[in-house]
Amino acid sequence: MRPLTLWRYEARRAGWAALLGPPLAVALGVVAAWANPLPGETTTARILLGALEMAIPLAAGVACGSLTGRDPAVEIQLTAATSYRATLLRRMAVTLAWTAVIAVLTAAVLIATGWWARWPENHGPVAGQLTWLAPTLGLSGLGFAAGAVFRSPAAAGALVTTVWALQQFFGDAAQQNVAGRLLYLFATTRGAVPGDWAANRLTLLAVAAGFVALALVVLGHSERLIGEEDE
Amino acid sequence: MNTVGASFRYEFRMQVRKRSVWIVPALSLVLFVLIGGSLLRDLFDPASRPPEARDAVVGLALQIHALLTIGFGCLLADRLIRDDRLRVAPILDATPARPGARLAGKYLGATAATALPIVVAYFGFAGAYAVHTSAPEAFGWALAALGVVIVPGLLFVAAFALTVPLVVPAPLFRVLFVGYWLWGNAVAPDVMPTFSRTVIHPLGGYPLDVLLDFHGIDGEDVWAGPVPGATLNFLRPDPTPAAAWLSIGVLVVLAAVALAGGHAVRARRIR
C-alpha cells in the first residue's frame, strides 16, 4: 500500500466529525463574534480568539476520543503487521493535522485583519499559537486516553465535554489554586495570573504527552480490545 | 402499550448495566469537588453554605443539572443509531412491534437509566446535607427541584440526543450539544441572542425563579424574564407560575417534536 493511500484511508476512518468539527467550530465562533452587540472591538477580538482557544480544542478532543471502538472487525486489525495502536496514533495525527491547518489559517486571517492584535493578551503571532495548540493537544490527549481506557466514544466524548464545560462554568474557581491555573484550558481569553501563561501552556502540552503515553500502554493490551465491548 | 413497556425494560437494563453510565458521572463529580467553588463542598461548610435549606438543595440541583446533563446527553447520543450500526434495526423492524412504540420505550428506558446516576448523586448529596444540618425539609425541596427542573431538562436533552445523531455524526453532535448547552443556558441575553432565560431553557430558569423562588446562592440572581435590549424577548414573558408551567410544557412538547422527527427520518430510511 502506498503511504499516501494509507493516510487517505486513515483520514476516512477518523470520521466526518474529525473533518467537519474544526471548521464548524471556527464558523460558530465567527457567528458568535458577529452577533455580539457589546461595544468595543476588544470583546469581539476576545470571542474570535475564543474560537481558537475554546471551540477548536473541543472539536479535536471529542474527535480524538471517538477513534477507538470505531473498527467493526478489530480482530483483523490486531492480526496486521502494523500494531493497532500505531494505526490509531496515525488517525489521531491526521485529526490533529487537519485541526492545525484550520487553526493556523484562522490565526493567519485574524493576524492579517488586525483582530489578533486587538486582544491585549495575544502573546504575539508566534508564541501566541499556543493559544490553540496547548488546549487542543491537552483535550485531544485526554480524549484519546479516555477512548482507549473506556473503549467507548460516548464515554470519552462525555468526559472531554464535561471537563471543557466545567472549566467554562467554574473558570474562577478553577484558577483559585496553582494546579487549577496550570491546567486551565482558556488562559489566553479568560485570563491567567500574569506570568502563569507560559507555564500553563507548557503544562497542558506535558499533560497531553502523558495522556498519549497512557493510551499507548492501554492499547498495547490486545485482549482488552477484543473483550466485551461497553456498548 | 406492551411494546413500550417491553422496550423500556430492555433498554433500561441494557443502559443501566453500562459501566460508563456510572463512571462518567462519578468522574464528573470528582472533578467538580476537586475544582472547588461548588455546593458539593460548600453544603458541608457552615461558613459557605446558604442559610436556608431550600436555597442549598435547589442550588445543588442547578449545579448538578448544569454539569452532569452534559455527560448524560453525550452518553445517550449513540442509543438510537446503535441499532443501525449493529445491524439489528432490520430485525427489530420485521417484528410486529410498532416502530413508534419501540422508539418511545427506548427513549424512556435509556433516559431513565442514564438519569439514574444523576438522581442518585443528587439525593445522595441532598440527603447527606439534610442529615448533617438536621433539615428534613431539604428532601421535599429536593423532590420539587427534581420534578420541575431536572426531569423536564433531561427529557428535553434526551430526545435531541437520541434523534439528532440520525442526521449528524454522534461525535459532532456531542461537540454541538455542549456548545449549545453553554450558549443556551449560561450566556447572558444582552451579550448575544440566546435561549437563556427564555421559556426554552432546559436549565429551568422559570421554574427556578417562580416555582422554587430561587435567586442564586447569594439571593441576587434572576433566572427568567425579559432583559432590556436583548433579542428574543418575545420568548421571555414575565416570570409567573403560568409562565413556569408553560416553560416546562414547551420543553416536553419540543422533546416530543424531536422524537417525532426522528421517527419520521427512520421511517423514510426503512421505506
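Among contacts in chain B between residues at least 6 apart in sequence, what percentage join residues at least 24 apart? And after that, could you take me into helix 4 of chain B and Ile64(B), which lies in that helix?

Mentor: Happy to! Please keep in mind that this is a predicted model. To your question first: 77% of those contacts in chain B join residues at least 24 apart in sequence.

Now the setting for your helix. Chain B has eleven helices and zero strands, so as a whole it is as compact as a globular protein of its length: its radius of gyration is 19 Å, close to the 18 Å that the globule rule gives for 271 residues. Its C-alpha trace spans about 60 × 45 × 30 Å along the principal axes. Of the 271 residues in chain B, 51% are buried.

Helix 4 itself covers residues 53–76 of chain B. It is mostly covered, with 23 of its 24 residues buried. Its length is worth checking: at 1.5 Å a residue, those 24 residues should span 34 Å, and the end C-alpha atoms lie 33 Å apart, which agrees. Do look along the helix axis, though, and you will find a kink of about 35° centred on Leu68(B).

Ile64(B) belongs to this helix. Why does Ile64(B) count as buried? Because it has 25 C-beta neighbours inside 10 Å, and 20 or more is the cut-off for that label. Leaving aside residues up to four places away in sequence, Ile64(B) touches Ile118(B), Ala121(B) and Tyr122(B). Ala230(B), for its part, is 166 residues from Ile64(B) in sequence and 28 Å from it in space, C-alpha to C-alpha.

Next, step back to the largest nonpolar core, which has 152 residues. Val57(B), Ala61(B), Ala145(B) and Ile56(A) touch the most other members. Helix 8 of chain B, residues 137–163, supplies the largest share of this core, 17 residues. Over in chain A, the residues that Ile56(A) touches include Pro22(A), Val26(A), Ile102(A) and Trp132(A).

Finally, have a look at where the two chains meet. The contact takes 39 residues from chain A and 35 residues from chain B. On the chain A side, helix 7 gives the most, with 14 residues. That side of chain A divides into 25 nonpolar, eleven polar and three charged residues.

Note on methods: Residues are numbered from 1 along each chain as its sequence is written. Chains are lettered from A and ligands numbered from 1 in the order in which they are written. This is a predicted model: local features need pLDDT of at least 70, side-chain atom pairs count only at pLDDT 80 or more; totals for chains, interfaces and linings use all residues. Two residues are in contact if their C-beta atoms, placed from the backbone, lie within 7 Å. Helices (H or I, at least four residues) and strands (E, at least two) are DSSP runs, numbered from the N terminus. Ala, Val, Leu, Ile, Met, Phe, Trp, Tyr, Cys and Pro count as nonpolar, Asp, Glu, Lys and Arg as charged, and the others, Gly among them, as polar. A residue is buried if 20 or more other C-beta atoms lie within 10 Å of its own, exposed if 12 or fewer, and partly exposed in between; C-beta atoms are placed from the backbone. A nonpolar core is a set of buried Ala, Val, Leu, Ile, Met, Phe, Trp, Tyr and Cys residues joined through C-beta atoms within 7 Å. The expected span of a helix is 1.5 Å times one less than its number of residues. The bend at a residue is the angle between axes fitted to the seven residues ending there and the seven starting there. The radius of gyration is taken over C-alpha atoms; the globule rule is 2.2 Å times the number of residues to the power 0.38.
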